[in-house]
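Visitor: I have a structure open and would like to go through it piece by piece. Can we start with a sheet and then move to the chain contact?

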Amino acid sequence: MSEATAARADDPEAAWAQVLRPAAGAAPLPRMIAAQAWLEARLLVRNGEQLLLTLLIPVLLLVAFSLDKSLIRGTGVNFLVPGIIALAVMSTAFTSQAIATGFERRYGVLKRLGATPLPRGGLIGAKSLTVVGVEVLQAAIIIVAGLGLGWRPHATPAAAAWVVVLILAGTAAFSGLALLMAGTLRAEATLAAANLVYLLLLGVGGIIFPLSRFPAGWQPVLLALPSGALSDGLRSVLAHSSGFPARDLLVLACWAVAGIALAARTFRWD
Amino acid sequence: MTPSSDTALPDAPAVEITGLVKRYGRTVAVDGLSLRAGRGAVTAILGPNGAGKTTTVEICEGYRRADGGSVRVLGLDPVAGRRALRPRVGVMLQAGGIPPAVRPAEYLQVLARFHARPLPPGLLLERLGLAASARTPFKRLSGGQQQRLSLAAAVIGRPELVFLDEPTAGLDPQARHATWDLIAGLRLAGVGVILTTHHMDEAQRLADLVAIVDHGQLVVAGTPAELTGTAGQLRFRAEPGLDTDGLIAALPAGSAAKESPAGHYVVEVHDRVDPQLLAAVTAWCAEHGVLAQDLRIESRTLEDVFLELTGGELRS
């Protein structure tokens, strides 16, 4: 066989034939997911707007509102840090992911991936890994900045555990909504809507402005939104040393289940 | 993974389509198409725009479900067997599907990690002339470079079968030849190649089997030689306005002659052009004081056959 197909320098067809002998097979799933997550992370780092949204804006807001107490009275750094962490989760899991996925769908990237050995569940897994990786980076930056600004959290092991659970639940809730949007709307509509929702939830999500300043009738509604539940949960654990944030976790879990189920039913891959 | 998923039906044809039907609403895109494509062979699907080529290929790729008929890819149902087929089938989409910001080297590295025994990305980049652009974002590559990266992505997993949807559309001659070398290499290596194209010369040059489809149906299938047959033509150039009716009268029965465009003449016969026909044409020219220039004998091309069978009208 090898003699029969021995490549000659002047015969490009035979040279190709030698390397193209079929030897098909899928790689193990974890290796595929790791490779795809690595690619998604690299593409994200290369995208200036995404970095601005996920890394710069949360820190800028934290620094600006911590230093100038006249902007919003009665909200020090201890109030702000949990809200900014919630904002970071929202920007990465929802806005950034919705926009990126919407354009991947538009450019046929998702369709093309559907022809590779990477299964759809593996692609979702890779995206989730990338989101969590960015969130870890965001949290590190926010925590360092917050400590520098005089943040004194209730840092017990239990509190840390609840923070992780809340962030994961929030990530699941926002990711479901992001994929619901990216899988049904046109890419440009997703871009506009994801940014609009981001601004809206920044205002009414308990991120910077306390929900207690809103009319009493609004508060249950705002606490039932994923942004309000996540910021309230983080704040109750980190600032008020409350225990198990049951109500907020339940709200996030409901959004996660509903969003992911709807996205799974409606997502269009091309 | 069951052992059979990698080895199922090793002797099954690359693609076997029987009576395939696909409708979009009330439009029938594919209307009872049947086709059998072998391994180690290049099958070219030709047809006007809207003939059902891409729909047929996308059903084979598992992207769409058939409304009727049966499709077997390497012996498996393309939808039910998708998980087993994906590692074994390489796909080059018409629209690319490559992220605009990705660099060729990192893209192929990631795809290689999806496969058990991939080709080295560096080898593909070098052989396809992409080594110098290995770190250029996809969106800044030329159209030809983008197409070649897409082709590299289709073969990196060392598939048993590849679907190439218009692989040379918009390529310069050099890039086309590089692509043709690779396709010929795939064929030699025993890989099945299903190719859609608008370039008749490409099909004539590469394909073992040419399938011409129109209105969702197979019009004809055969080797390029079978399709072009033995019919021949004789062409020459002379002053415009010759009496072609007079010329026809001087030729053996069954011959045809026409002027198209002005000053260019073509004489067609159903059989091979023989010495008697050539003599008759030159004798008529001598008699009428016509100097036939660029006189040449040609066989029918695939393009002639294609235009004849599909009516030749432009559709989009």
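Visitor: In what order do the three strands of the open sheet in chain B come?

Guide: This is a predicted model. In chain B the order is β2-β1-β4, and the strands pair antiparallel.

Visitor: Which strands stand at the edges?

Guide: β2 (27-37) and β4 (68-73) of chain B do. Each has a single partner strand, so one side of each is left without a neighbour in the sheet.

Visitor: And the twist, what does it average from one strand to the next?

Guide: The average is 25°.

Visitor: How many bridges join β1 to β4 in chain B?

Guide: Five bridges link β1(B), residues 15-24, with β4(B), and the two run antiparallel. As for what faces what, Glu16(B) is opposite Arg72(B), which belongs to β4(B).

Visitor: Which helix packs on that sheet?

Guide: Helix α2 of chain B, residues 53-60. This helix touches β1, β2 and β4 of chain B, and its direction is at about 115° to that of β1(B).

Visitor: New topic. How many residues does each chain put into the contact between A and B?

Guide: Chain B gives 52 residues and chain A gives 38 residues.

Visitor: What area do they bury?

Guide: About 4100 Å² between the two chains, with 62% of it on carbon and sulfur atoms. On the chain B side, Arg86(B), Phe114(B) and Arg158(B) account for 18% of the area buried against chain A, more than any other three residues.

Visitor: How many polar contacts and salt bridges between the chains?

Guide: There are 18 residue pairs in polar contact between chain B and chain A, counting pairs with both residues at pLDDT 80 or more. The salt bridges between these chains number three.

Visitor: Which element of chain B gives the largest share of the side touching chain A?

Guide: α7(B), with seven residues. Other elements that give two or more residues include α4 (104-113) and α6 (143-155) of chain B.

Visitor: What's the make-up of that side by class?

Guide: The chain B side has 31 nonpolar, six polar and 15 charged residues.

Visitor: Back to salt bridges. What is the count over all chains?

Guide: The count is 18 salt bridges over all chains. In one of the salt bridges, Arg42(A) meets Glu106(B) with 2.8 Å from N to O.

Visitor: Why does that pair join two chains?

Guide: Arg42(A) is in helix α2 of chain A, residues 29-45, and Glu106(B) is in helix α4 of chain B, so the pair joins two chains.

Notes:
Residues are numbered from 1 along each chain as its sequence is written. Chains are lettered from A and ligands numbered from 1 in the order in which they are written. This is a predicted model: local features need pLDDT of at least 70, side-chain atom pairs count only at pLDDT 80 or more; totals for chains, interfaces and linings use all residues. Side-chain values use heavy atoms; hydrogens and water are left out. Contact means heavy atoms within 4.5 Å. Buried area is the accessible area (1.4 Å probe) that two parts lose on being put together, summed over both. A salt bridge is a side-chain nitrogen of Lys or Arg within 4 Å of a carboxyl oxygen of Asp or Glu. A polar contact is a pair of N or O atoms within 3.5 Å; within protein, one must be able to donate a hydrogen and the other to accept it, and residues adjacent in sequence count only if both atoms are side-chain atoms. Helices (H or I, at least four residues) and strands (E, at least two) are DSSP runs, numbered from the N terminus. Ala, Val, Leu, Ile, Met, Phe, Trp, Tyr, Cys and Pro count as nonpolar, Asp, Glu, Lys and Arg as charged, and the others, Gly among them, as polar. Two strands pair if DSSP finds at least two bridges between them. Axes are lines fitted to C-alpha atoms, for helices over the stretch in contact, and angles run from 0 to 180 degrees between N-to-C directions.
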